[in-house]
Every structure is written in structure tokens, then in C-alpha cells.
Amino acid sequence: MSKVIHKEIELAGRKLVLETGELAGHANGSVLAQYGETVVLATAVSQKAPADIGYFPLAVDFEEKLFAAGRISTSRFIKREGRPTETQILTGRLIDRSIRPLFPKDYQAEVQVIITVLSFDEENDPDIISLIAASAALTISDIPWNGPISGLKVGLKDGKFILNPTIKETDESDLDLLVASSEGEIVMIEAAAKEVDEKLVAEGLAFALKNGKDVLKLINDLAKDVGREKQKYESQKLAPEVEKTVKDYIQTEIMKDFDKNSLDDGWFGDCMDQLVAKFISENQPQDQKVTDKTLVGLLEDAVTQKLRDDILVHGKRPDGRKPEELREITIKVPVLPRTHGSAIFQRGETQVLSIATLASPALAQLVEGMYGESKKRYMHHYNFPPFSSGEVKRLGSPGRREIGHGALAEKALVPVIPATDVFPYTVRVVSECLSSAGSTSMASVCGSTLALMDAGVPLKEPVAGISIGLITDSTDKSKYVLLTDIAYQEDAQGDMDFKIAGTKNGITAIQMDIKLDGISTEIAKGALDRAKIARAAILKMMADAIPASRKEVSKYAPVVILVKIDPAKIGGVIGSGGRVINNIIATTGATVDVEDDGTVMISAKDPEAAQKAAVWVEGIVKEPQPGEIYEGPVTRILPFGAMVEMLPGKEGLVHVSKLAEGRVENVEDVVKVGDIVKVHVAEIDDMGRVNLSMVFDKDGKPMAKASSSEGRPERRGFGSRDGGGRFGGPRRDSRPPRKRY
């Protein structure tokens, strides 16, 4: 066993420990990292890749283990970990986006980084310590990499920044900002925010950059003690005369109509097909062999240089726009007749169709993993079919990119989704990318907002998204131009993709990727300011198309009614073995779900079914009070009176002396089984039995003084039906007025 090297520092009041030399000795680099009681193992391994693979083969996998949190899967049939969860995919992408820009562009070996969570204390999120561990594993390995980088989180509460907030502190924070940084520059940004001002976000970036220096020193100290030399490698280079021939061909045959032809998402692929057909053959001399990867590199270099020359020197973008200018935007809402909400958002040739669906609260997604179980009532799913980029590919399950883009747009809308007590629906939005020419994820943010407003979801504020790009001088990064609404090759071969979403009040989500080894806080601040201006313009266009959320939900959406009951009475609603609740569902056709806090959620396509189920539930938990009036069927005839079902499942006795004024000799002379009779509560005896009376005065009032109807559960209705208020069905005259939404 190798010598164990141990390094630690104090970071945000907790100990950060990095250790190597004991575990995973066959990996090129392995680091055991601990923060609090959260422990991860990061390994980095490289091996020679096929010469003509055509891209840098980097794979980053983040592995959650249920044992890390002392859990066993709740599934009855599968107990071992299976396909990666959405959290695992998103964390893996986050680390990938942080480390990828720092690999040498001519390094062509296959690299795999695996981060495994071994212990989770449910206080310190594994994402930050995993990013640090991956950075450390690459730094101490022999794999060429221009690191290290630091990874830190920044929270915001009461106007003060929190370094590496705990999971609980993050939930209470207005900002969840994750920053990967090198010495003095930002490499990657991921953020969720509750409409936070751009200035505060910029200050948060500077705060992370300053505190990241301690982490960088820790990793460098570890690498110094390990003392491993980096691999010597040879980049794939063409013979000078062959390289010159290829470059000349690219300039004369491909780049001559760059501005016109590059305004197509499939342009680069078409050019590559042309180059492959021209320069790759089976009979190439070995010393002049041309591969896909070398052609890709040469074409990318030509495009990048063309962009730099046109934009930096001449201020000219491929499609003729000014640096701060948006593409033409068109909006159509609604689009589809039977969906609950739909919209098309198009920016240039990027076109997204978003569809919103409303459903019962019971259909919220149950998320299970290392973090435990939770429910998600707002979901956004993003699809990128091959026809959107003019390609032919096999359709399958969503890839990591689709999951990542969907999660980003979802994150952007979460802060403006109304609370359950305001709008208790489960909401799903699907964004179908119909045409791709850059920034489809931000178009999905805009499309989602429009579809939700069309569906009648009372958003707190509309949300829009925009992507800011960057072109820098290849020899001097201080010379740069920011590009609003990047498209085409600005997106593919540009230096930055800074996606920013938010409302008129502030930012709700950020995701930044770069192809450089870092950007300054000045560039980041400029991008935030530029995005704010563009976002305001887009929000105005969206408001012109649909000024506010629809007053009512679609007639095809279900009705949802919430009934609040005393948690102690939940058993009465459910019944032994579920007998009562199943009877309600079977009889009315409504869906009925009961939460532990006493919230009964009732939903149905038919408003009458929902109302009937709600009345039934209310009746079960209702405590009748003297003087209250009811109508109900006679269920039994007894020698001394009649039993009347005054409320669903609840009976009271009308004594023979209370059947009518005067003496009654025979009960059946007045009532028979099945008769619907009007009764009032005469008294509740010491044993809780309800005694009823059918005797009223000439004005139809109970002979005894009536009391108020206390004890009735709070009930709220949602859904557009039959004029009973904004979200409710018809109001029954026998019920007190209810609060409507």
C-alpha cells in the first residue's frame, strides 16, 4: 500500500479533508474527500482512444449509494441501485462542465472520472465536495489537465452571503449559487434564485472567487506531496504540406460563404461531410493520414478565427445583428385545442412548443434517492428530436443533455409557481424543440411561462430567459465582445454560453459554460447586466401576447377541491381497511387523497362528482350543532321513531314525539323508508347521540333557537365550473359562503 497523504483545512466552520494513497490504487488519480460527515471517493482514469473518434472522450459519472445515508430502497422488487437518478445526472453534468475546459485541446486519450458518495450526513450536499474531489483527483494524477479548480456554494439570507450553506440553509436561502473557479477566474456557474438582483449575484461570484483560493491551495499542497509527473503525449498533427492543403481548401471552398450558409444548425456537419469526402480515403499514406478529429479541429479553428475577426474587428455578427441585438421573436398562444395550456415561442430559427397539463395533487412525482423521499408538483420535461437540427437519429429515452436542459428551465420557473393552498394542481410542462438554432433551453423557459399562463396557472411573475455569448481575442482575453442571444456558430464555436433566466424583479436561474480556461468577474457582471436588458424586452413581448394568466383553467382540466379536516378525524374518512374512502371514490368517480395534516384533496373531470365527494367528506367529519337544519333520507323505521341520514354516513333519531305537531300514533303514518325529510338538530345527548326533530314553526324555522354551524371544515374549490366562483362549482344555498380562488 502506498503512503497515505492527508491534507485538511477549515472551510465555513467545517473541516474539509483530502486524502490519497489508501484507496483505488489502480486509478491514475484517486482522492477520498470529506466535508462534515459527507464522504466521497473520486477517481480519474485515462486510456488511449481510437485515433479517429472525432471528439474528446471525457465521461463523468456521479454515483449515489443508498447505504451512504443508511437507506434501503422502498421498492419491493429491486433493492440495488439501478439507472442514474436525475440528481446524479445533473451533478455529473455540473462536474463535467467544470473540468472539461481545462483539458489540453490536443489531448486525445479517453478519460473517465467517477465520483462515488460513500457517506451522506444529510447536512452537507455531496455536489460541492464531489467537484473538489474530482478536481483533486485530476490534479494529483498523471493526466494532463490545467487545474486545479475550486468548487464553492454561496447562499443569501437577510442580505448576507453564506459560504457553503447546509441543505437546510439552502432551502431557506434566496440564492443557491455554485461557482467553480481557478486562480482569479470563473470556470463554471450554476444557480437557482428567488428573483435576486443582478448586483447581488455579481457580488456572490466575487465572494466565491475570493474564498475559493483556500481550496486551491489545499489541492496544490496535496499534489506537491504526491509529486506525480504528467503524461507525455503526442497530439495528432498532419504533415505541414497536408495541413496547408486542408486549410487552404477550408478558406476557399467552405469559409467563402460563411455568413450566409452558417445560419443553419446543420452547417458544420455538412461541411465536415464535405471535408471527409475530400481528404479521407483508405489509401492515405501513413505519414499523411487525415482523421475526422484533425478535420474537426481545423474547421473549428477556421470558424473561430472568422468569428473573432468579424466581431472583434468589424463588429459584424454572422446574421448581421449588432452585439446587443435580439433575433426576431414571434409568439403564438394558445396553439392546441384540447391541451390545458400551449404556446409557441420562436426566436430566429429556434422554435419551441410548450404544453402545460394540470392534474390532481395526488399525481405529484415521488422522488426517492439518497436524500430520502420527496414530492415534486411542478415538472418540466424537454425534448430535442433529431428533426429539430435536420438530422436522422434513433429515438430513445432522453439523454443527459435533454435532462439537463429540462431541469434548467424547471429551476427557472419554480420560484413563481403558486403554493398549493393557492393553486393545488400538479403541473407538468413539456417543451418540444421543433427547430434548433441556438439557445433552445432559454426558449423553453419563455415557452413554459406562456403555456402556464394559458393554462390559468396564477404565476407570481412571468419568467423569460436569454443566453449571452462571448468572443475574445485569442492572444489577449481582456479584449472581448459580449453577444446577446447567441445563435448558430456563435453558440457552437463561441467562447461562452451564459444562460440567465428571471422575472422583471431579478434572476431565478443561471447556467454558464465556457470553452476558455476561465473568465473574469468583469465579464460575468457584464453578461448579467446585458441579460437584464434583453430579458425586459422579451417580457414585454410576452405580455403583449398574453397580459396575464387566464382567469379560469381549461374546461378540460380537472376540478380540484381542498377540504381541511381535523387530523384526528382522518380515520373516519378512510374507514377500516379503506372501506369508507374507497366507497366515496367508487360512488362518485372522484379521486380522493388524504394528507397527514388533514388536507383532503378531491379531483374529478366532472364537477358534480367532485362536489358530491366533498360534501360526503364534510359530512363524515361534521359535528352537528343544535338548531342546524338538514335534509336526508329515512333509513330505518323503529317503534319509537325514525332514523334519518342527516349527513353522509351519519344518522340521527327523530323520536315519534318530534315527527309532527300533535300526537302521532304510528311512525309510518308520517314517514316511510326512503322519504327525503327536512329535520333540525334538537339536541346532542350526553352520549353524543343526535336527536332530530321534524317540527318547525309557521315560518319554517326550528321550534328551538338555532345556533351557528360551528365545526364545519374549511373547504376551498379550484377549477372553472358552472359560475360558482373563479375556481369552484355551483354554491349550495344550504352551505355558508366559502372562500374562492
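Reader: What makes strand 27 and strand 29 a pair in this model?

Author: In this predicted model, two bridges join strand 27 (residues 650-655) to strand 29.

Reader: Which way do the residues of strand 29 point?

Author: V690 and L692 point one way, N691 and S693 the other way, and all are buried. In a regular strand the side chains alternate between the two faces of the sheet.

Reader: Why is D485 called buried?

Author: D485 has a relative accessible area of 0%. The term applies under 20%, and therefore D485 is buried. D485 lies in the loop between strand 19 (480-484) and helix 11 (489-492). Leaving aside neighbours within four places in sequence, D485 is in contact with several residues, among them R317, R321, R327, R347 and E490.

Reader: What makes strand 7 a mostly covered strand?

Author: Seven of the eight residues of strand 7 (residues 150-157) are buried. Strand 7 is joined to strand 9 (residues 175-181) by six bridges in an antiparallel arrangement, with G151 opposite A180. Strand 7 also pairs with strand 8 (residues 160-163) over four bridges, again in the antiparallel sense, and L156 stands opposite F161 there. The hairpin of strand 7 and strand 8 has two residues between the strands, and D158 takes a positive phi near 55 degrees.

Reader: How do you know that the span of helix 12 is close to the expected value?

Author: Helix 12 (residues 521-545) has 25 residues and reaches 36 Å from its first C-alpha to its last, close to the 36 Å expected at 1.5 Å a residue. Its buried residues include I523, A527, A531, A534, I538 and M542. An α-helix has 3.6 residues a turn, so residues three or four places apart point the same way.

Reader: What is the average pLDDT of the protein chain?

Author: The protein chain averages a pLDDT of 90, and 93% of the residues score at least 70. Over residues 705-711, however, the pLDDT is below 50, and the pLDDT is also below 50 over residues 721-741.

Key
Residues numbered from 1 in each chain as written. Predicted model: local features only at pLDDT ≥ 70, side-chain atom pairs only at ≥ 80, totals over all residues. Heavy atoms only, no water. pLDDT = per-residue confidence, 0-100. Contact = heavy atoms within 4.5 Å. Buried < 20%, exposed > 50% of the residue type's maximum accessible area, 1.4 Å probe, protein only. Pairing = 2+ DSSP bridges. Expected span 1.5 Å × (residues − 1).
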